[in-house]
Amino acid sequence: MRYMLGVDVGGTFTDLTLTDSRARSLHVHKVRSTPDDPSRAIMTGISELLGRLELDPGALGYFGHGTTVATNALIERRGAVTALVTTDGFGDLLEIGTQTRPSLYDLKRAKPEPLVRAGMRFELRERVLHDGSVRTALCAEDVDRLAAELAELGVESVAVCLLSSYANPAHEELVASILRRALPGSFVTHSAALVPEFREFPRLSTTVLNAYLGPLMSRYLTNLAAAVSHLGIRAEPYVTQSNGGILSVAETVAAPVRTAVSGPSAGVVAATYLASRTTGGNLITFDMGGTSADISLVEDGTPLVSSERKVEGWPVRIPMLDIVTIGAGGGSIAGIDAGGALKVGPRSAGAAPGPAAYGTGGTEPTVTDANLVLGRLNPDGILGGAMPLDVAAATRAIDERIASRSSLSVDDAAAGIIAVVNAAMVRAIRSVSVARGFDPRDFALVAFGGAGALHAVELARELAIPRVLVPRAAGTFCSLGLLVANIRSDHVESHLVRPHTEGLEPVWAAFERLEARGREVLRAERVPEQRRSVELAIDARYVRQNYELPIMLAPEEIRQVDADTLCQRFHDAHAAKYGYARPEFEVEFVNMRLTAVGELPKPELPELPGRDGAELRPRSRRPVRFGTSWSTTPVFVGDDLRAGDAIAGPAVVERLDTTILLPPGDRAVVDAVGSLVITLSGAGQAARHG
Amino acid sequence: MARATIDPVTLEILGNRLLSVAEEVGETLVKTAFSTNIKERRDCSSAVFDRHGNMIAQAEHIPMHLGSMLGCVQAVLERVGAAELRRGDVYVTNDPYSGGGTHLPDITMVSPAFADGELVGFVANIAHHADVGGKVPGSTSGDASSIFQEGVRIPISRLQDGGRLRADVMDFIRVNSRTPLERDGDLNAQLAANAVGVRRLEEVVARYGVARFAEVSAALLDYAETLMRAGIARLPDGRSSFTDHMDDDGITLGVPLPIRVTVIVEGDVATVDLTGSSPQVRGPINVPLNGTLATIFYCFKALVGPDIPSNSGIYRALQVHAPEGTILNCVQPAAVGERIDTCQRLADAIFGAMSAIVPDRVLAASNSSVTTATFSGRHHETGEVFVYLETIAGGSGAHASGDGLSGVQVHMTNTSNLPVEALEREYPIVVTRYRFRQDSGGAGEFRGGLGIEREFEALQDGIAFSGLGDRQTTPPWGLLGGEAGATGAFELRRSSGGAERLGSKVSDVTLTAGDRVAVLTPGAGGFGNPRARSPERVQRDIDDRRVSARAAADAYGVALVPGATSIDESLTQRLRAGTPDDDGE
């Protein structure tokens with residue numbers, strides 16, 4: 001597979017990355033997104049990029065696609081007209097949820113509007129109990145009547161979620177099959193097929209989101225596949241999932257909720273791939289853009305995954321990369337509040353009116369304005385000068401809104417804005433690392449997104465992180481993630497098993513069923529046998545507890561390990577995560593999980609040539625403020641860098657899509673693929689936390 | 001003023017760092033706890049204090065816990081004395097009358113932090129323990145008439161002495177609980193959480209130096225005070241009184257108990273006078289002063305600045321007069337187990353009083369009862385004794401710009417439910433209904449939130465049911481013409497037929513297999529004249545089964561075309577014209 005193409009559709013831009021493994025080259029292209037029909041920008045971008053390279057579409061061996069169609073449909077509430085079918089007496093569960101209110105102190109904060117209104121929620125007389133026994137039988141005529149009613153209402157999509165269906169899906173399956181027959185063309189999804197786990201509200205919420213997104217995503221992806229094929233591209237599109245993996249269009253369309261927060265996951269996957277060859281597998285990823293920052297943790301090459309995340313306020317009980325998002329970006333607005341403290345964000349100037357320095361109508365100071373006033377951003381403009389910046393406007397905004405309302409000078413106010421926004425980001429990074437038992441000193445920080453590299457080294461210093469990695473194309477880094485992902489398909493069954501009293505047979509039987517399902521997906525995805533693998537986990541807990549921890553086991557351990565071994569693994573996991581274990585307590589298993597993995601070929605990243613001849617020189621110098629003092633700082637340009645180049649801070653490195661700040665004392669080295677590997681001064685010595 | 005020397009950046013960053021310390025204490029506690037109550041329902045809180053015992057940062061968990069936070073460190077300083085404190089000490093208490101607590105299940109731990117041998121501050125956390133002894137499992141009994149029936153009282157005791165755990169104190173707490181192993185796990189989690197907090201707080205102090213840290217933390221208190229005063233100053237001056245009632249104290253039935261609030265807003269200070277509220281009562285709904293203060297704190301933070309950091313500085317802008325010996329400032333040995341219901345009512349009454357001053361900022365009355373259902377017995381299949389406790393949410397009040405929320409925990413609590421599929425695996429009980437109560441939201445231009453009907457069925461004989469609730473005779477009132485929401489009820493529906501209404505505080509009703517208990521929680525009050533609600537919104541409520549067609553006609557003057565679902569416009573006009581607009585509350 002020589003040519004691989006990744007297309008990442010964002011809100012503003014559609015980024016394309018094409019790799020040529022033979023020539024070891026990488027080409028990027030950017031076009032403006034077309035939110036009304038995202039495929040237009042995709043087609044334009046592909047045509048332009050292939051045209052530029054004079055490449056035949058048929059030569060593409062791989063096409064990876066990242067899309068925010070599902071995410072945006074949820075935000076903008078543009079999903080299908082959806083009906084919900086529940087057990088009699090539970091039609092309001094979607095709104096009752098966990099009974100908590102959305103804000104402790106904001107009296108007027110509303111709950112998210114349910115995706116299915118009460119008038120579109122239907123109850124069926126039936127009841128299954130936790131052991132799978134039927135307490136009240138389902139009457140098929142009731143379902144027929146319901147089907148007729150739904151047909152009359154013209155619903156596009158139906159979610160079916162009955163109580164205890166994880167233990168016995170027969171009722172749900174009967175309802176789904178009758179509805180499918182009676183409502184041809186509608187999207188019908190039932191919870192046991194999607195998330196057969198106990199705890200009714202998260203399962204219900206996941207099922208409803210899936211139904212809500214189903215018709216829209218089917219239409220979008222089917223059209224896209226047709227359009228791509230029409231262009232002459234023979235490679236079938238793969239679509240990024242929220243778990244960091246990718247799946248074919250056919251598989252994606254079956255459960256589109258899995259793409260609901262896939263946007264930021266590609267960056268994490270790209271970072272993991274890139275870092276595997278330089279800083280190793282322990283990473284904290286830091287993706288900072290205009291309005292927000294996404295932070296995640298990768299342990300030993302494996303991104304942390306959570307099944308407890310919420311999407312637009314709704315729990316989604318499927319494995320997703322555990323990414324924390326905070327409202328701190330280049331456009332975050334700063335100001336002095338009534339109590340005299342300097343606040344930054346979460347309000348953002350966004351693209352319009354934008355930072356004051358953009359001269360597009362913004363008058364409030366932002367993080368970008370502060371970076372400009374402090375000399376960190378080029379006063380002649382960014383994006384290689386394509387985006388001019390107005391230093392006077394930035395200075396004026398900071399003066400009027402902050403300096404003149406406090407005891408601070410303009411410079412100190414600008415430095416204060418950076419310090420405050422950094423403090424918020426440090427808190428977020430601590431929440432994914434320290435709060436989960438990880439020591440940041442054992443990790444490298446991978447910084448990308450337009451603004452990440454301006455802040456990364458200072459954050460690392462604050463957290464005693466010894467090294468920072470800035471990828472070569474930090475601004476289009478996410479689309480690289482589309483080219484280095486694997487197929488990942490998650491499957492689960494829920495069985496309450498006490499291994500010491502009930503034996504492991506139910507566990508093994510569940511894993512065998514799961515493995516068959518997983519392998520079926522890999523077969524359908526045409527993954528060659530030698531590239532297929534499975535990952536297994538059991539969610540376990542102590543009897544009487546109500547939360548679980550995953551323990552891992554290898555596929556070859558099925559029917560080979562005993563209960564003691566597995567329980568010991570649970571005690572160990574409990575001790576590692578919570579600091580203590582209770583070996584004298586009985587353990588029970590709750591869920592069996594399997595991820596089917598299909599390894600895909602990876603592109604070779606283009607290497608940067610080494611230096612011959614003239615040594616690296618700064619293109620210019622300008623005053624930049626570090627700490628409380630200004631120093632005349634050399635400014636390097638990304639295009640001048642060669643593999644092996646070393647830069648000692650203080651320095652600024654300007655690339656087309658990002659600016660890297662290297663404070664005094666820190667050292668950067670350019671690696672073979674053009675990443676900047678920054679080693680902080682004092683790294684390796686006993687660093688103090690704070 | 002110390003503030004003059006603190007710049008806006010230092011102020012913000014130290015506030016952020018201290019909040020981070022408090023959050024890490026809370027995260028560690030949730031992470032290392034054993035019981036579901038702490039781990040999954042997150043019924044716990046954490047905070048950081050200065051060396052004088054002022055709270056300077058609190059992680060956001062349960063507003064009610066603020067009460068114990070406010071009192072605990074002060075109590076340690078008074079009882080033990082700053083001079084006696086040593087690094088590695090941990091003090092434990094749960095006592096409302098000597099340890100600053102608000103009821104016995106909330107166990108607080110306080111740890112002093114030091115720098116250069118000098119006391120610099122404290123870290124504290126609170127966890128709600130599922131059982132601390134007393135006359136009933138779960139410790140909170142609806143008919144307790146003295147604190148001595150509500151569990152073990154732990155006066156301020158040194159659980160850890162210079163880093164060494166005192167096994168005798170630990171054992172003393174454990175043996176007084178019906179679930180000692182779980183207590184052991186949760187108490188150890190509390191110790192671990194404070195250890196993390198002390199280490200982190202000492203690191204923060206080291207960055208600033210002891211003197212500078214003291215200055216900046218004083219400035220943080222000033223900061224919250226300034227924000228609170230600025231917020232109050234933006235309110236119009238005024239004086240207003242409001243009286244709400246508790247149904248009864250659970251012992252002397254049918255005697256409503258007044259909760260009377262007078263609020264005076266004058267310049268940048270608000271005064272809350274509780275004179276006229278009921279004397280303290282025999283039942284367990286008395287509130288220690290710290291619980292009352294926490295409630296007032298919650299209300300004013302919600303009214304003037306949800307983003308104001310939770311620290312002791314807020315109090316300086318609030319003056320509270322709560323006469324001793326009343327239900328809102330009880331003296332021992334008053335029973336306090338269910339004090340939160342009274343705090344909920346106090347919050348409603350404060351908003352009621354404030355409605356005359358800032359009608360657009362308040363809520364009409366909410367369900368304001370922590371309606372609790374407890375089922376216990378011996379599981380016939382496993383032979384194990386079980387206690388299953390659930391709190392069921394209700395409506396929240398409507399306001400000047402929107403409907404109330406349906407089926408939510410309000411004001412002083414915000415804990416989650418236990419999933420039906422989780423409880424049915426554990427207990428011989430099935431849930432047969434869990435839905436909103438139609439017409440339970442008070443009518444109004446903005447409708448009150450709906451209460452919940454949750455119906456449980458016993459699968460075996462010999463299960464005991466106890467219920468604790470309120471607003472079962474005193475309805476949640478509406479504002480500015482909005483109508484009251486429905487009251488709550490506990491209903492026993494026998495398998496042999498016939499339904500029977502139980503009291504609002506009922507103990508040990510024995511169920512046989514097939515018997516059902518329906519818990520009906522209160523709705524909430526509406527806001528504004530119901531006839532000002534647009535017919536389209538009324539119709540939407542009918543479509544969504546929140547309002548019945550009959551209630552639409554009676555309360556809103558909106559009629560539907562018979563047999564159809566569209567509005568009968570001419571009849572609606574006649575209905576709306578025929579009824580005076582100002583028929584009042």
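Helix H7 of chain A (residues 200-230) has 31 residues, which at 1.5 Å a residue should span 45 Å, and its end C-alpha atoms lie 44 Å apart, which agrees. The expected span is 1.5 Å times one less than the number of residues; helices are DSSP runs (H or I, at least four residues), numbered from the N terminus. This is a predicted model, in which local features need pLDDT of at least 70, side-chain atom pairs count only at pLDDT 80 or more, and totals for chains, interfaces and linings use all residues. Residues are numbered from 1 along each chain as its sequence is written, chains are lettered from A and ligands numbered from 1 in the order written, and side-chain values use heavy atoms, without hydrogens and water.

H7(A) has a kink of about 45° at Gly214(A), shortly before the proline Pro215(A). The bend is the angle between axes fitted to the seven residues ending at a residue and the seven starting there. Of the 31 residues of H7(A), 23 are buried, so the helix is largely enclosed by the rest of the structure. Buried means under 20% relative accessible area, exposed over 50%, and partly exposed in between (1.4 Å probe, protein chains only). Just after H7(A), Gly232(A) has a positive phi of about 100°.

Asn72(A) sits in helix H2 of chain A (residues 69-75). Asn72(A) is partly exposed, at 26% relative accessible area. Leaving aside residues up to four places away in sequence, Asn72(A) touches Arg77(A) and Arg78(A), where contact means heavy atoms within 4.5 Å.

Technical notes:
Helix = DSSP H or I, 4+ residues; strand = E, 2+ residues; numbered from the N terminus.
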